[in-house]
Amino acid sequence: MDGAGEVEPSQFRSLVAALSYGVASMAMVFINKAILMKYAYSMTLLMLQQVVTAALIYLGRARGYTKSNSLSLTIAKKLLPISIFYNANVAFALASLKGVNIPMYIALKRLTPLAVLVAGFFSGKGRPAMQVSLSVLVTAFGVIIAAIGDFSFDLFGYTMALTSVFFQTMYLVLVEKSGAEEGLSSVDIMLYNAVLSLPFLLFLIIATGEFPQSLSLLIEKAHSVSFFLVFILSLVMGILLNFTMFLCTIVNSALTTTIVGVLKGVGSTTLGFVLLGGVEVHALNATGLIINTIGGVWYSFAKFQQKRRGPKNMISDEEALLKEKTKLSQ
């Protein structure tokens, strides 16, 4: 972005950007959970989300609201592996939401830093800081305790969530190591990801047998106003979430976006006990979720301390991902 290093954004704009990302990120989890309670075909839902994303970007470009470059086969080839891992992560995450309540889903997704640290260790990055390691272990311990006390335990849902963590880890590592093309805006990245996703998702829809049942159910439920509104929200929230994430990263910093994500998880866990149902409160389960949340907050604090005290080139894998996206949006 031109002049980004010359003008310091106002505190009000920084606050609005952070709040927008937090609210959009939190809302996305509940909206996806709500639609999956009525429409269980997650692969079809994800494909439709990507179709709407591409359509909105093209419409915005035609109307002059957004700017995006023409698609390039060379850049598409470089971004294809990243798109595959991204969609695998989202697809398995959506599948897990069908059987896992929101508090446990968020707790399981907090295992991503542990997976990233393990992947980094075996790829030659060495040992992380002691506080970082301990916070990640506390997070993992909280997941185990919470799972033991989860009366609504769903093996399929847990498996899907853990598989999502694996693909998210691979996605983070791949983005960090990939020399993604310079000069692409956030809109360009979303457009490439949406277009590249379609063949991959179409294959999954056919392979899993979702089609044509998913289409029949969609037509059957189309007359319901409540279903229609939630369905439309689920289609447009993806692009809104990406936009607010880029905005928060550019206006504030990668670290701020990471911390907002953790705080969002705390709020989502709390609301998850009272919204949409599916949560049987048990002392052991609640204790595990509290431990998991403490570990997540501790992890953000540890990374913040590491960034302040350590060399400037020592950043987390999550920050590396967000910084890479920031570069692409400039």
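## Terms and basis

A residue is buried when its relative accessible area is under 20%, exposed when over 50%, and partly exposed in between, using a 1.4 Å probe and protein chains only. The model is predicted: local features need pLDDT of at least 70 and side-chain atom pairs count only at pLDDT 80 or more, while totals for chains, interfaces and linings use all residues. Residues are numbered from 1 along each chain as its sequence is written, and side-chain values use heavy atoms, with hydrogens and water left out.

## Overall make-up

The protein has 13 helices and zero strands (DSSP runs numbered from the N terminus: H or I of at least four residues for helices, E of at least two for strands). Of its 330 residues, 48% are buried.

Contact means heavy atoms within 4.5 Å. Among contacts with a separation of 6 or more, 87% join residues 24 or more positions apart.

## Ser 234

Ser 234 is part of helix 10, residues 225-251. Its relative accessibility is 0%, so Ser 234 counts as buried. Leaving aside residues up to four places away in sequence, Ser 234 touches Met 28, Ile 31, Asn 32, Ile 35, Leu 45 and Gln 49.

## Helices 4 and 6

Helix 4 (residues 102-109) packs with helix 6 (residues 130-148) at about 150 degrees, their axes 9 Å apart. Axes are lines fitted to C-alpha atoms, for helices over the stretch in contact, and angles between N-to-C directions run from 0 to 180 degrees. Met 104, Ala 107 and Leu 108 of helix 4 meet Val 143, Ala 146 and Ala 147 of helix 6.
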